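Reader: I'd like to learn how to read a model like this one, feature by feature. Can we take it slowly?

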Amino acid sequence: MANELEDQADLAVRLRVALSLCPADALTHRRSDRVSRREKIERHLLAEALVPDEFVDLLAEAVDRTLDAWQVQRENVANFREYLLERDGSRCGSCRVDFSQATDEVDSVRLRDPFKLAWVDPSRHLQATVDHREPVSKFGTNEVDNLWLLCRFCNEGKGDGSPILLKHELDYAADLPWAGSVNPAANLLAHSSRITYRVLARQNFECGRCGGRDHELTVRKERESGLAVLSNLTSVCVECL
Ligand SMILES: [Zn+2]
Ligand SMILES: [Zn+2]
């Protein structure tokens with residue numbers, strides 16, 4: 001583990017250097033592109049005269065290899081699960097659900113929360129997953145400072161950070177509070193995780209009522225008479241419900 005952390009730190013330094021030397025089209029490079037990534041980097045270094053010509057070849061190769069290593073390592077973040085459990089404790093960084101609890105004893109399961117539907121499939125939704133705080137799509141790195149544990153429900157809700165469509169927000173509002181005795185439709189589950197994550201993130205993953213971060217969080221309507229839309233939802237911990 002210690003070695004792995006050192007490798008990460010080393011890669012982070014190299015990556016910063018590499019990113020300062022490579023053109024945008026190298027970052028968005030696809031294997032199917034006609035020109036290789038290395039060639040794109042080389043052309044860029046020559047065009048910008050960033051280094052003496054005799055070093056361009058060597059440097060382009062190093063930058064290319066660093067980008068490769070970054071790509072490989074970002075796919076291996078699951079290796080950091082144990083380390084993060086030790087660093088952050090056994091809780092989801094977003095909704096604070098306790099991973100070490102038996103799933104049938106988790107608060108959200110006990111309460112059968114009508115807003116946050118993680119309890120519908122607890123053994124799947126409440127698993128600890130390693131997530132990049134700053135998404136890889138926005139060039140978040142594998143540095144441990146950029147990693148945290150999210151339950152699968154929150155991780156899927158976070159997604160790639162793209163905005164929630166108004167249509168989905170309204171679907172969710174129309175169906176909630178959901179009080180069915182059978183499984184809700186898959187799209188309602190997806191809306192529930194996206195909206196829950198968005199509300200919790202907006203409130204810094206703290207309870208909107210007591211400000212606490214020690215108990216599992218869910219969402220509730222701020223004005224009872226209003227709809228369950230983003231603008232009328234607030235985070236609330238299970239102690240404040
Ligand atoms: Zn969570
Ligand atoms: Zn609270």
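Predicted model: local features only at pLDDT ≥ 70, side-chain atom pairs only at ≥ 80, totals over all residues.

Reader: Where is glycine 226 found?

Author: Glycine 226 sits in the loop between E3 and E4. Leaving out residues up to four places away in sequence, glycine 226 touches Lys221 and Asn232. Now try a distance: alanine 173 is 53 residues from glycine 226 in sequence, yet their C-alpha atoms are 9.7 Å apart in space.

Reader: How many bridges join E3 to E4, and do they run parallel or antiparallel?

Author: There are 5 bridges between E3 and strand E4 (residues 233–237), and the two run antiparallel. To follow the pairing, find lysine 221, which stands opposite leucine 233 in E4.

Reader: And how many residues of strand E3 are buried?

Author: The general idea first: in a regular strand, side chains alternate between the two faces of the sheet. Here, 4 of the 5 residues of strand E3 (residues 217–221) are buried, so the strand is largely enclosed by the rest of the structure. Across the protein, 33% of the 241 residues count as buried.

Reader: Which residues have the most contacts inside the largest nonpolar core?

Author: Cys92, Cys95, Cys151 and Cys154 do, in a core of 31 residues. Strand E2 (147–151), helix H8 (152–158), helix H10 (186–202), E3 and E4 each give two or more residues to this core. H10 gives the most, with 6. For a close-up, take cysteine 92: beyond residues up to four places away in sequence, it touches Val97, Leu149, Leu150, Cys151 and Cys154. There's also a second, separate core of 11 residues, which includes Ala26, Leu45, Ala60 and Trp70.

Reader: Let's zoom out. How many helices and strands does the protein have?

Author: It has 10 helices and 4 strands. Along the sequence, the order is α-α-α-α-α-α-α-β-β-α-α-α-β-β. For contacts with a separation of 6 or more, 60% come from residues 24 or more positions apart.

Reader: What does the domain assignment give?

Author: Domain 1 covers 2–74 and domain 2 covers 77–237, according to the assignment. Their centres, taken over C-alpha atoms, are 36 Å apart. For scale, the C-alpha trace of the protein spans about 70 × 40 × 30 Å along its principal axes.

How values were computed:
Residues numbered from 1 in each chain as written. Chains lettered and ligands numbered in written order. Buried ≥ 20, exposed ≤ 12 C-beta atoms within 10 Å, placed from the backbone. Pairing = 2+ DSSP bridges. Domains from an automatic or database assignment. Core = buried A, V, L, I, M, F, W, Y, C linked by C-beta atoms within 7 Å. Contact = placed C-beta atoms within 7 Å.
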